[in-house]
Amino acid sequence: MQECRNYVNCKDGNLSGIKDYVSEHLTALHEVITKNGNHSSIIKKTIQYMEQDCENVSLDSVAQKVYVTPTYLSSLFKLNTGRTFIEHLTDIRIQKAKELLKNTHLKNYEVAERVGYKDS
């Protein structure tokens, strides 16, 4: 069977040739994505969103912003950081709460609301 570099020009023109062509290119694409550290880019963007808006952030909202499913983001986050999404978010919220308590005259429940805890 002739190898197809471009399925349009493939002399076989059969489904098997097209499948081989697509499979070959998807495999190459996967290798490029994995080698270029696309996962670290997703994690960096995730952390950036978490830090920018810790009040209204959730796993679902961040996953939507980085174009992956919440389940995949959760697994990817744990694999790359060694911590869960919620653990990291909690740390961000605590740090922001500390800053607000030191530098403002807000009441405890106001600080809690500003960092994402609706029920004081």
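1. In which helix is the place of threonine 46? Threonine 46 lies in helix H2, which spans residues 38–52, where helices are DSSP runs of H or I with at least four residues, numbered from the N terminus.

2. The model is a predicted one, in which local features need pLDDT of at least 70 and side-chain atom pairs count only at pLDDT 80 or more, while totals for chains, interfaces and linings use all residues. Residues are numbered from 1 along each chain as its sequence is written, and side-chain values use heavy atoms, with hydrogens and water left out.

3. Threonine 46 has a relative accessible area of 0% and is therefore buried (under 20% relative accessible area, with a 1.4 Å probe and protein chains only). Residues up to four places away in sequence aside, threonine 46 touches Val62, Val66, Leu73, Phe77 and Phe85, contact being heavy atoms within 4.5 Å.

4. Two of these partners, phenylalanine 77 and phenylalanine 85, have ring centres 6.0 Å apart and planes at 70 degrees, so the pair is edge-to-face (centres within 6.5 Å and planes over 60 degrees apart). Phenylalanine 77 is buried at 0% relative accessible area, and phenylalanine 85 also counts as buried, at 3%.

How values were computed:
Rings of Phe, Tyr and Trp (its six-membered ring) pair if their centres lie within 6.5 Å; planes under 30 degrees apart count as stacked, over 60 as edge-to-face and the rest as tilted. Buried means under 20% relative accessible area, exposed over 50%, partly exposed in between (1.4 Å probe, protein chains only). Helices (H or I, at least four residues) and strands (E, at least two) are DSSP runs, numbered from the N terminus.
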